[in-house]
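This report is meant for a reader who is meeting the structure for the first time. Please look over the sequence and the model before reading on.

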Amino acid sequence: MKYLIANWKMNLGIKESVELSKKISGEIESDKIKTIVLCPSFASLAEVSEVIKKSSLKLGAQDIFWVNKGAFTGEVGAPELKEIGVEFVIVGHSERRHIVGETDEVIAKKMKLAADFGLRPILCVGETGDERENEQAEKRVAEQLDLGLQLLDNAQISKILIAYEPVWAIGTGKACSPDDALSMFVLIKKVLQEKFSENNIPILYGGSTDDKNIASYIEAGYAGALVGGSSLKPLTFLKMKEAIE
Ligand code: PEP
């Protein structure tokens, strides 16, 4: 199975999200080998869910809280997300790590809660530019995997996805070279196998992907992409879908 996950971040209002999901769902036929997931903002989830419910598109949230219910002002819980039709959840996106200040420990709790509620969490890992320059990239990604997955049992780990997203490549137009992406793919596979005895977790690439470069990540072994900027352009996004055969 290949995956294309559209992360619209906070870029669209509700009407714009509905329009974009209509454009995409109108062009997507049911496809048993590709899973296309739209992740609008929390405010747009319910309306996008209505638009895509008869299509093969899946709904994802951009974040989740680590407790399911209670006095947590401003947060959104797993039961609510499920009620709306959410199936996937992005966890530990670099913008949450670096702008909001989420730690690996918080991310581990979010992964656990999402898994406990039967959602499929997508754990984002990736080094900063400084970490890459200082040859710490592999060490940091291995650590993010170790810590981010520490609370999951084996059955839960088998349902997750990993997105390798080098921080310096996100939204910059500087995509990771296929060779560096391949080295990191090999490292992630090794950690998942050695520490978690898992060989089938889909590993996605994210960071300035488009219809021109996505095929090179698939060739390196990645099972698809987590897509920011290009997912806001329906034509490009649809071409990316065609490119991930
Ligand atoms: C992202 O934010 O997850 C992402 C990959 O963004 P972009 O495709 O714009 O680099």
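## Overall form

What radius of gyration does the protein have, and why does that agree with a compact globule? The model is a predicted one, and in it the protein has a radius of gyration of 17 Å, which agrees with the value near 18 Å that a compact globule of 245 residues would have. Taken along the principal axes, the box filled by the C-alpha atoms is roughly 45 × 45 × 30 Å.

The protein has eleven helices and eight strands. Among its contacts with a separation of 6 or more, 72% are between residues 24 or more positions apart.

## Burial and surface

Of the 245 residues, 52% count as buried.

## Helices H1 and H11

Helix H1, which covers residues 14-27, and helix H11, which covers residues 234-243, have axes that come within 10 Å and cross at roughly 35°, and this crossing is right-handed. On the side of H1 the contact is made by Leu20, Lys23, Ile24 and Glu27, while H11 brings Pro234, Phe237 and Leu238 to it. Sorted by class, the residues of the contact of H1 with H11 are five nonpolar and two charged, with no polar residue.

## Helices H7 and H9

Helix H7 (residues 137-148) packs with helix H9 (residues 178-196) at an angle of about 40°, and their axes are 10 Å apart. The crossing of H7 and H9 is right-handed. From H7 the contact takes in Ala137, Glu138, Val141, Ala142, Leu145 and Asp146, and from H9 it takes in Ser183, Met184, Leu187, Ile188, Val191, Lys195 and Phe196. The contact of H7 with H9 is made up of nine nonpolar residues, one polar residue and three charged residues.

## Serine 41

Serine 41 lies in the loop between strand S2 (34-39) and helix H2 (45-52). Is this serine 41 buried or exposed? Its relative accessibility is 16%, and because buried means under 20%, serine 41 counts as buried.

When its neighbours within four places in sequence are left aside, serine 41 is in contact with Lys9 and Gln62. Isoleucine 14 is 27 residues apart from serine 41 in sequence, yet in space the two are 8.5 Å apart, C-alpha to C-alpha.

Terms used: Residues numbered from 1 in each chain as written. Predicted model: local features only at pLDDT ≥ 70, side-chain atom pairs only at ≥ 80, totals over all residues. Heavy atoms only, no water. Axes fitted to C-alpha atoms, helices over the stretch in contact; angles between N-to-C directions. Helix = DSSP H or I, 4+ residues; strand = E, 2+ residues; numbered from the N terminus. Left-handed = near helix turned anticlockwise from the far one by under 90°. Contact = heavy atoms within 4.5 Å. Nonpolar A, V, L, I, M, F, W, Y, C, P; charged D, E, K, R; others polar. Rg over C-alpha atoms; globule rule 2.2 N^0.38 Å. Buried < 20%, exposed > 50% of the residue type's maximum accessible area, 1.4 Å probe, protein only.
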